[in-house]
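Visitor: Could you walk me through this one? I'd like to take it piece by piece.

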Amino acid sequence: MAHIIETAKSGRASCKVCKETIEKGDLRLGEEFPNPFSEGSLSYRWHHLLCGAKKKPTVLEQALIDCDLEVPDREELLKLIQENKSKEKPTSLPYAEFASTGRSSCIQCGEKIEKGDLRIAVNTDTEAGAFGMRKGFLHPACAADFAGSESSGVADAQELFDQVKVNSRGLAEADFEAVEAELFG
Ligand SMILES: [Zn+2]
Ligand SMILES: [Zn+2]
């Protein structure tokens, strides 16, 4: 994905975070996403830079790195990005996270996933494409079996892990290593 920072050409777009208008001439953050209504085409979700730093820190960080424009608040934005990165919620499946409750069960083995344990969230309804999203959770150790199944939407555990690495938010390198060890263990 190539997220961008650009100068707003009009005052028609509103910020996806605060819903306020982004004024013409202001810098704005565009989060690229595949347009579900038109195969192969891309659209942008627009954000004020400050709103992006709070709610989309990973997106803004990538856009800032690629940005040739003079961004007046660059230092402040980078600080906010670091502060908010660990709180960011993933927006695409599959991803890995620490279970926030002990209420979820593994869709593969049926056993409970303990609160605080690493789990992998996957889309269990890949047939429905971009419109359908049914989230299910897996023990990392059970994810290899899931990845091998027809309904997983991935070819194998390696492809699942590659996607998890891209989509997950707020995990440390050691957490990915733990997921990897269980997944391929
Ligand atoms: Zn905003
Ligand atoms: Zn399991």
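Guide: First a term: domain bounds here come from an automatic or database domain assignment. This is a predicted model, where local features need pLDDT of at least 70, side-chain atom pairs count only at pLDDT 80 or more, and totals for chains, interfaces and linings use all residues. Residues are numbered from 1 along each chain as its sequence is written, chains are lettered from A and ligands numbered from 1 in the order in which they are written, and side-chain values use heavy atoms, with hydrogens and water left out.

Visitor: OK. How far apart do the C-alpha centres of domain 1 and domain 2 lie?
Guide: They lie 28 Å apart. Domain 1 covers 4-85 and domain 2 covers 95-183.

Visitor: Which residues coordinate the zinc ion (ligand 1)?
Guide: Cys 15 (SG), Cys 18 (SG), His 48 (ND1) and Cys 51 (SG), at 2.1 to 2.4 Å. Donors are N, O and S atoms within 2.8 Å of the metal (3.2 Å for Na, K and Ca); water is not among the atoms, so sites may look incomplete.

Visitor: And what is the arrangement of the 4 donor atoms there?
Guide: Tetrahedral, because the angles at the zinc ion (ligand 1) run from 99 to 119°. Four donors get that label if all angles lie between 85 and 135 degrees. The ideal is 109.5 degrees for four tetrahedral donors.

Visitor: What does the pair Cys 18 and Cys 51 tie together?
Guide: Parts that are 33 residues apart in sequence: Cys 18 is in the loop between strand E1 (4-7) and strand E2 (27-34), and Cys 51 is in helix H1 (residues 49-55). Helices (H or I, at least four residues) and strands (E, at least two) are DSSP runs, numbered from the N terminus.

Visitor: Is Cys 51 buried or exposed?
Guide: Buried, at 13% relative accessibility. Cys 18 is partly exposed at 31%. The cut-offs: buried is under 20% relative accessible area, exposed over 50%, partly exposed in between (1.4 Å probe, protein chains only).

Visitor: And Lys 19, where does that lie?
Guide: In the loop between E1 and E2. Lys 19 is exposed, at 61% relative accessibility.

Visitor: Switching to helix H2 (residues 57-66). How many of its residues are buried?
Guide: 7 of its 10. Among them are Val 59, Leu 60 and Leu 64. The buried residues of H2 pack against E1, E2, H1 and helix H3 (74-85); contact means heavy atoms within 4.5 Å.

Visitor: Now the other zinc ion (ligand 2). What are its protein donors?
Guide: Cys 106 (SG), Cys 109 (SG), His 139 (ND1) and Cys 142 (SG), lying 2.1 to 2.3 Å from the ion. Angles of 101 to 117° make the arrangement tetrahedral. The donor spacing in sequence is C-x2-C-x29-H-x2-C.

Visitor: Are Cys 106 and His 139 buried or exposed?
Guide: Cys 106 is buried at 3% relative accessibility. His 139 also counts as buried, at 19%.

Visitor: What is the strand order in the open sheet of 3 strands?
Guide: E4-E5-E6, with antiparallel pairing. Strand E4 (95-98) and strand E6 (135-138) stand at the edges with a single partner strand each, so one side of each has no neighbour in the sheet. Two strands pair if DSSP finds at least two bridges between them.

Visitor: Over how many bridges do E4 and strand E5 (residues 118-123) pair?
Guide: 4. Phe 98 has Leu 118 in E5 as its bridge partner.

Definitions and conventions
Tetrahedral: all angles 85-135°; square planar, octahedral: opposite > 155°, others 65-115°.
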